[in-house]
Amino acid sequence: MSQSSAAQIPDPASADAGNGPAVTRPEFDALFEAVRTWGRWAHADRGAWNRVTADHVRRATATVRSGAVVPMALPWNTRPGPDNRKPALHHMTDLGDVEAPEPRTHKDFIAVDYHGKGVSHLDALSHVAYRGRLYDGRTASEVVDSAGARFGAVSELGPLVTKGVLLDLPAVLGVRWLEPGRAVRAKDVLAAEKALDVTIGDGDAVLLRSGHVRRRAEVGAWDPDTASAGFHVDAVPLLAERGIALLGGDGDSDVRPSPVDGVHSPVHALAVAAMGVPLLDNLDLEALSAATAEAGRHEFMLVVAPLNVPGGTGSPVTPVAVL
């Protein structure tokens with residue numbers, strides 16, 4: 001397909017966009033209350049990562065058979081586009097002509113405003129507030145200011161090793177990708193579990209492949225704030241019931257346009273602010289899809305090691321699956 005096809009995304013106003021059913025604000029608020037876990041853990045900054053114990057790590061290592069290592073980060077993206085409004089920075093600072101001549105060294109500088117669509121990153125618990133409150137009921141304006149976050153910072157999370165589950169929806173449905181605007185509902189999660197012979201359990205990390213990266217490569221870039229495949233809010237109670245520790249995907253987990261009036265990222269609000277579940281956004285799951293298909297299993301050991309940034313609301317990250 002040509003790059004000019006990039007604009008061919010579902011009309012958000014069309015019923016064919018598939019982002020429904022619509023959810024009213026009172027219904028959403030009731031759902032928020034139903035899934036929230038405030039007050040559950042003494043180390044509330046870590047939220048659902050408190051679920052993962054040494055037993056969970058040992059269970060994750062037991063899934064390793066071939067030893068294949070699959071990274072899931074997008075390349076550092078310095079090119080502006082409709083899905084990369086704030087490109088990352090990369091330039092050289094030393095071409096071997098700054099310090100003493102031997103040994104010759106080369107140095108560079110990188111920087112990024114990573115909360116967006118162009119960089120694979122982790123959302124910490126300080127990233128999302130709903131009705132003015134972060135996870136555990138902390139008042140956002142009291143704990144987040146120009147110096148950073150004093151609650152829910154990414155530095156409080158540390159590394160995570162747990163069992164990962166890939167919900168490869170295009171593989172289940174026999175399509176190349178989910179079209180932007182397609183909602184993944186609770187019934188889709190259950191169908192994927194059955195088709196892929198997986199069961200989401202306590203402390204697991206759930207990764208949703210919509211085929212976003214493949215579509216972008218073949219069709220061209222578009223604005224995923226306008227339309228993207230992702231979870232409908234009716235899938236969240238199921239994930240909450242299973243006790244997940246991490247949620248992520250090749251989008252940002254939310255279907256867009258949002259089915260909830262007045263809430264642009266309802267899954268973010270439910271996962272991060274209500275459940276204390278950090279999010280992995282903008283992964284490249286194409287290699288993992290191929291590797292799990294070849295292995296005939298969609299469970300693996302997942303390693304996530306965010307940068308240790310005191311006060312940070314998240315971090316660029318390269319998650320790694322080990323099969």
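Visitor: In β13, which residue is the bridge partner of threonine 162?

Guide: The model is predicted, so local features need pLDDT of at least 70 and side-chain atom pairs pLDDT 80 or more, while totals for chains, interfaces and linings use all residues. Residues are numbered from 1 along each chain as its sequence is written, and side-chain values use heavy atoms, without hydrogens and water. Strands are DSSP runs (E, at least two residues; helices are H or I, at least four), numbered from the N terminus. In β13, threonine 162 has as its bridge partner leucine 302.

Visitor: In which sense do β7 and β13 pair?

Guide: Two strands count as paired if DSSP finds at least two bridges between them. Six bridges link β7 with β13 (residues 299-304), and the sense is antiparallel.

Visitor: Which residue in β9 is the bridge partner of leucine 167?

Guide: Strands β7 (residues 160-168) and β9 (residues 205-209) are joined by five bridges in the parallel sense. In β9, the partner of leucine 167 is leucine 208.

Visitor: What stands opposite valine 303 in β15?

Guide: β13 and β15 (residues 320-322) run antiparallel and are joined by three bridges. The residue opposite valine 303 is valine 320.

Visitor: Which are the edge strands of the sheet?

Guide: The open, mixed sheet has nine strands in the order β1-β15-β13-β7-β9-β11-β12-β4-β14. Pairing on one side only marks the edge strands, β1 (69-71) and β14 (314-316).
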